[in-house]
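Please look over the fold shown below before reading on. The briefing then takes up its sheet, the helices packed on it and the division into domains.

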Amino acid sequence: MVENQVEIGFDVDEVLAEFLKGIIPWYNRKHKTNFKYEDFHTYDFWKVWNCSKEDAVKEALEFCRQDELSELEPVKGSVEGVKLLRQKYQLQPVTARPDVALPRTKGWLAEKYDNVFLRPKFSGGVYHGPGKSKAELCKELGINVLVEDNGDTAKECVKEGIRVILIDRAWNQPVMPKGVVRVYHWDQIPETIERIVSESREYTHEVQ
Ligand SMILES: [Mg+2]
C-alpha cells in the first residue's frame with residue numbers, strides 16, 4: 001500500500017448499495033402496500049410511509065437485520081468505478097447504517113467489490129441519536145473527498161472543508177453550496193475525484 005495515499009470516503013446507501021430498491025419490496029410485502037421508488041422524493045421514509053419517525057426507524061432497523069441487506073444490488077457503474085479508483089486511492093466506506101448492519105455490510109462490500117475497500121466506519125445518525133456526525137468522522141479519518149447522496153450531510157461536510165461529490169437523486173434537489181459537485185452517473189465519479197484531488201494538490205503547493 002502506498003504511503004500517504006489519498007483516502008476517498010464513500011457513503012454506502014444509494015452511493016454503492018441500492019438500499020431503497022431493497023427495502024421497498026420488503027416493506028411492501030410486510031405491510032401489503034404498493035410503494036414505488038419514485039414515491040421517495042425525500043429520504044425521510046416516515047414522510048412517504050406516512051408513519052411516525054420512530055416507526056420508520058424501527059422498520060429500517062428490522063430490514064438491516066434481514067438477509068435482504070446482503071442481497072442489495074450495487075449502484076450501476078459503481079463496481080467498475082471503484083476498481084478504477086482503487087488503483088490510485090484508498091477507499092473508505094463511511095455509513096450511518098445501524099451497528100446491527102455491520103457484519104452484513106462488511107460481507108456485502110467485500111463480495112460485491114472484491115475486497116477493495118477499507119473496513120467500513122459507522123457514524124452517528126438517525127439510528128444512533130446524536131453520535132459522531134459523518135462530517136466529524138470524515139475529518140477524524142483524514143478524508144477530504146466524500147461521495148454522498150444525502151444533501152444535509154453534503155452541506156455539513158463542506159462546512160468542515162470536505163469536498164463532496166453528490167450523486168443526483170430526487171431527495172437531494174435543493175441548490176448545494178460551493179464545494180459540492182453534483183454528478184449524474186457513476187462513470188463521472190473517477191474523473192471528478194481526479195480533478196478535485198489535483199486542484200487541492202495545486203492549492204497546497206501554492207500556499208507552501
Ligand atoms: Mg446514502
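Which unit do strand 2, helix 5 and strand 3 make, and what is its handedness? Strand 2, helix 5 (residues 102-112) and strand 3 make a right-handed β-α-β unit, where right-handed means that, with the strands pointing away from the viewer, the path from the first strand over the helix to the second runs clockwise. This is a predicted model, in which local features need pLDDT of at least 70 and side-chain atom pairs count only at pLDDT 80 or more, while totals for chains, interfaces and linings use all residues. Residues are numbered from 1 along each chain as its sequence is written.

**The sheet**
- Six strands form an open sheet with parallel pairing, in the order 3-2-1-4-5-6; helices (H or I, at least four residues) and strands (E, at least two) are DSSP runs numbered from the N terminus, and two strands pair if DSSP finds at least two bridges between them.
- The edges are formed by strand 3 and strand 6 (180-183), each of which pairs on one side only.

**Strand 2 and its partners**
- Strand 2 (residues 90-95) is mostly covered, with five of its six residues buried, that is, with 20 or more other C-beta atoms, placed from the backbone, within 10 Å of their own.
- Strand 1 (residues 7-10) pairs with strand 2 in the parallel sense over four bridges; Glu7 stands opposite Gln90 in strand 2, and Ile8 has Leu91 as its bridge partner there.
- Strand 2 also pairs with strand 3 (residues 121-122) in the parallel sense, over two bridges, and here Thr95 stands opposite Phe122.

**Domains**
- The protein chain is divided into domain 1 (7-18 + 74-207) and domain 2 (19-71), with bounds that come from an automatic or database domain assignment.
- The centres of domain 1 and domain 2, taken over C-alpha atoms, are separated by 22 Å.
- The contact between them takes 16 residues from domain 1 and 14 residues from domain 2, where two residues are in contact if their C-beta atoms, placed from the backbone, lie within 7 Å.
- On the side of domain 1 that touches domain 2, the residues divide into nine nonpolar, two polar and five charged; Ala, Val, Leu, Ile, Met, Phe, Trp, Tyr, Cys and Pro count as nonpolar, Asp, Glu, Lys and Arg as charged, and the others, Gly among them, as polar.

Technical notes: A residue is buried if 20 or more other C-beta atoms lie within 10 Å of its own, exposed if 12 or fewer, and partly exposed in between; C-beta atoms are placed from the backbone.
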